[in-house]
Amino acid sequence: MQGTIRKLKSTLTSPVEYQLPIGDELVSLNDYIGKPLTLTFTGNIFCCNCGKKTKKSYSQGHCFVCMRKLASCDMCIMKPETCHFDKGTCREPQWGEENCMIPHYVYLANTSGLKVGITRHTQIPTRWIDQGATQALPIFKVQTRLQSGLVEVALAEFIADKTNWRNMLKGQSEAIDLKAAAAELIPQIDAKLSELAELFGATAIEKLDEDVVELDYPVSEYPSKISSFNFDKAPEVSGILKGIKGQYLIFDTGVINIRKFTSYEISLA
Ligand SMILES: [Zn+2]
């Protein structure tokens with residue numbers, strides 16, 4: 001089987017079910033766990049937006065032109081607190097309207113420890129699975145991406161906003177009482193929340209009382225030391241598939257972040 005790959009698709013079951021989009025096919029990866037799997041990069045990369053061949057992949061699977069043009073590749077996507085839609089400078093206002101000027105959630109998650117993150121309502125629980133979170137708890141619902149970014153930045157003064165992916169892949173992180181963590185954290189940003197209520201209106205930022213979502217991953221064995229594959233350096237990734245967590249395939253021979261290689265043409269055997 002051969003085709004360009006996309007980030008892993010997932011379904012929240014216990015454990016999470018993963019599929020690899022390759023060309024027009026979807027390969028059920030859970031079936032390969034415990035079995036040999038080889039992914040070989042053909043050397044071709046086709047932009048996930050325009051389909052043109054590109055020598056290098058920019059912004060996870062784009063050609064240079066699309067990376068410069070698309071709102072989804074703008075810096076503000078990585079840093080939502082810098083959303084500039086209101087200034088009238090969004091690269092694609094229509095896209096911004098549909099993807100950023102819509103309800104977002106601020107959540108706590110346990111990835112390689114406690115972290116804060118944000119996501120669109122449509123990306124729950126996908127976002128958590130992509131990060132390899134074992135627990136997640138939405139704590140605020142807000143009206144826009146910008147607002148979610150501002151709340152996240154306030155919370156990131158106290159806890160991490162990044163995942164240590166090496167630790168995430170080394171095993172099951174210890175359970176955290178996310179409800180208790182939220183109860184301790186939220187009062188610490190009280191002043192900031194009042195400030196945001198002044199700016200955006202009293203009902204813009206809604207505090208939630210949700211249940212913790214537990215996630216578990218199809219991993220038969222975690223690696224004790226992590227070495228990572230890179231199609232740009234060696235075109236063949238081969239080994240016994242030991243598990244899948246986040247966007248990573250865990251082989252007995254090393255790990256690979258599939259999302260990083262979106263748009264790469266791969267043959268699977
Ligand atoms: Zn393109």
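Me: Which residue in β14 does T40 stand opposite?

Reply: T40 stands opposite S267 in β14. A word on the basis: this is a predicted model, in which local features need pLDDT of at least 70, side-chain atom pairs count only at pLDDT 80 or more, and totals for chains, interfaces and linings use all residues. Residues are numbered from 1 along each chain as its sequence is written, and side-chain values use heavy atoms, with hydrogens and water left out.

Now to the strands, which are DSSP runs of E with at least two residues, numbered from the N terminus. Strand β5 covers residues 36-45 and strand β14 covers residues 264-268; the two pair in the antiparallel sense over four bridges. Strands count as paired if DSSP finds at least two bridges between them. Both belong to an open sheet of six strands, ordered β1-β14-β5-β11-β12-β13, with antiparallel pairing. At its edges are β1 (2-4) and β13 (254-257), each pairing on one side only.

Nine aromatic pairs are counted, where rings of Phe, Tyr and Trp (its six-membered ring) pair if their centres lie within 6.5 Å; planes under 30 degrees apart are stacked, over 60 edge-to-face, and the rest tilted. F41 and Y264 form a tilted pair, 4.6 Å centre to centre with 45° between the planes. F41 sits in strand β5 and Y264 in strand β14, 223 residues apart, so this pair links distant parts of the chain.

F41 counts as buried because its relative accessibility is 13%, and buried means under 20% relative accessible area (1.4 Å probe, protein chains only). Y264 is buried too, at 4%. Ring pairs also link F41, F231, F261 and Y264 into a cluster.

Notes. Buried means under 20% relative accessible area, exposed over 50%, partly exposed in between (1.4 Å probe, protein chains only).
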